[in-house]
Amino acid sequence: MELLAWWNEQFETEHSSLSDLSDGVVYLQLLDALSPGSVELRNLSLAPLTVDERARNLSLFKVAARRLGVDTGGEVDVSALARGDPEAHSRLATALREVTERSADTLDAIDGYPALKARMEARAFSGHPPESAAEGQNVSQRRDELDQLIDCLEQELAKRMQALEETQTDFYEARHERGLLFTALQRVERVCVDMVAQDPADPLAGDLLAIAADMPDDWRPADDDFEEDAQYQF
């Protein structure tokens, strides 16, 4: 049947007859596609087992369709639809399909609607099992893909942490060496001061003092550098 095939294709279902639409889920998904956020799928009975549960979904559809001003082809007979009446479903399914074909915008909304994904997410939130073996397999495959992605991210994080530790080690080693050189230069400076005191004309002492005086201010270690260097272990 062409009408049923359209619904199965658009909403990624495998219904064998229009009576299978009696759970009301795809009708509500059509409203969700036309007006995103207008229907909270996680609050539905996604796998109704009784007529009352199906009627509850269909009642929600009736109220939402009226609120959104969607043409349902006449009064929505919740009782007949919940029982799976073929004529009631044919009338409603036809009317709703015609609504989607009235403009390019509505067609695009239906064609771009991720029906299966929306049901899976709603089921995951509500704790319902997958609606079919194929869907369960898809869920399992996606979990495996997520696990692989997590493993890759953990490996990349470990590499970056190792690189950071190596960089920190190089930094502390370089700063420690700078401190040693600064200390040695201070000693040379003190020796040169003594040499100049004994012989003001000593050219070597004068040259060395000039070199020490040219040391950039930002090269001079701060007090906390000395404290950290004293704790640094090679």
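Among contacts in the protein chain (heavy atoms within 4.5 Å) between residues at least 6 apart in sequence, 59% join residues at least 24 apart. The model is predicted, so local features need pLDDT of at least 70 and side-chain atom pairs count only at pLDDT 80 or more, while totals for chains, interfaces and linings use all residues. Residues are numbered from 1 along each chain as its sequence is written, and side-chain values use heavy atoms, with hydrogens and water left out.

The secondary structure of the chain comes to 10 helices and zero strands. Helices (H or I, at least four residues) and strands (E, at least two) are DSSP runs, numbered from the N terminus. Read along the sequence, the pattern is α-α-α-α-α-α-α-α-α-α. The protein chain has 234 residues, of which 34% count as buried. Buried means under 20% relative accessible area, exposed means over 50%, and partly exposed lies in between (1.4 Å probe, protein chains only).

Helix H3 (51–68) has 18 residues. From first C-alpha to last, H3 reaches 25 Å, close to the 26 Å expected at 1.5 Å a residue. The expected span is 1.5 Å times one less than the number of residues. Buried positions in H3 are Arg54, Ala55, Asn57, Leu58, Phe61, Ala64 and Ala65. Their cover includes H2, helix H4 (78–82) and helix H5 (86–100). Gly69 follows H3 and has a positive phi, near 75 degrees.

Axes are lines fitted to C-alpha atoms, for helices over the stretch in contact, and angles run from 0 to 180 degrees between N-to-C directions. Angles under 35 degrees count as roughly parallel, over 145 as roughly antiparallel, 65 to 115 as roughly perpendicular and the rest as oblique. A crossing is left-handed if the near helix is turned anticlockwise from the far one by less than a right angle, and right-handed if clockwise.

The axes of H2 and H3 come within 9 Å and cross at roughly 25 degrees. H2 is therefore roughly parallel to H3. Their crossing is left-handed. H2 contributes Val25, Tyr27, Leu28 and Leu31 to the contact, and H3 contributes Asn57, Leu58, Leu60, Phe61, Ala64, Ala65 and Leu68. By class, this contact of H2 with H3 has 10 nonpolar, one polar and no charged residues. Ala, Val, Leu, Ile, Met, Phe, Trp, Tyr, Cys and Pro count as nonpolar, Asp, Glu, Lys and Arg as charged, and the others, Gly among them, as polar.

H2 and H5 have axes that come within 11 Å and cross at roughly 15 degrees. These two helices are therefore roughly parallel. H2 passes H5 in a left-handed crossing. On the H2 side, Tyr27, Leu30 and Leu34 take part; they meet His89, Leu92, Ala93, Leu96, Val99 and Thr100 of H5. The residues of this contact divide into seven nonpolar, two polar and no charged.

The axes of H2 and helix H6 (residues 104–111) come within 8 Å and cross at roughly 120 degrees. H2 and H6 are therefore oblique to each other. The crossing of H2 and H6 is right-handed. Leu30, Ala33 and Leu34 of H2 make the contact with Thr106, Ala109 and Ile110 of H6.

Ser45 is buried, with a relative accessible area of 14%. Leaving aside residues up to four places away in sequence, Ser45 touches Val25, Glu53, Arg56 and Asn57.

Ser90 is found in H5. With 25% relative accessibility, Ser90 counts as partly exposed. Ser90 and Leu4 are 86 residues apart along the chain, yet their C-alpha atoms are separated by 8.9 Å. Ser90 touches Leu3 and Leu18, not counting residues up to four places away in sequence.

Glu12 lies in the loop between helix H1 (2–11) and H2. Most residues other than glycine have a negative phi. Glu12 is not a glycine, although its phi is positive, at about 55 degrees. Glu12 counts as partly exposed, at 41% relative accessibility.
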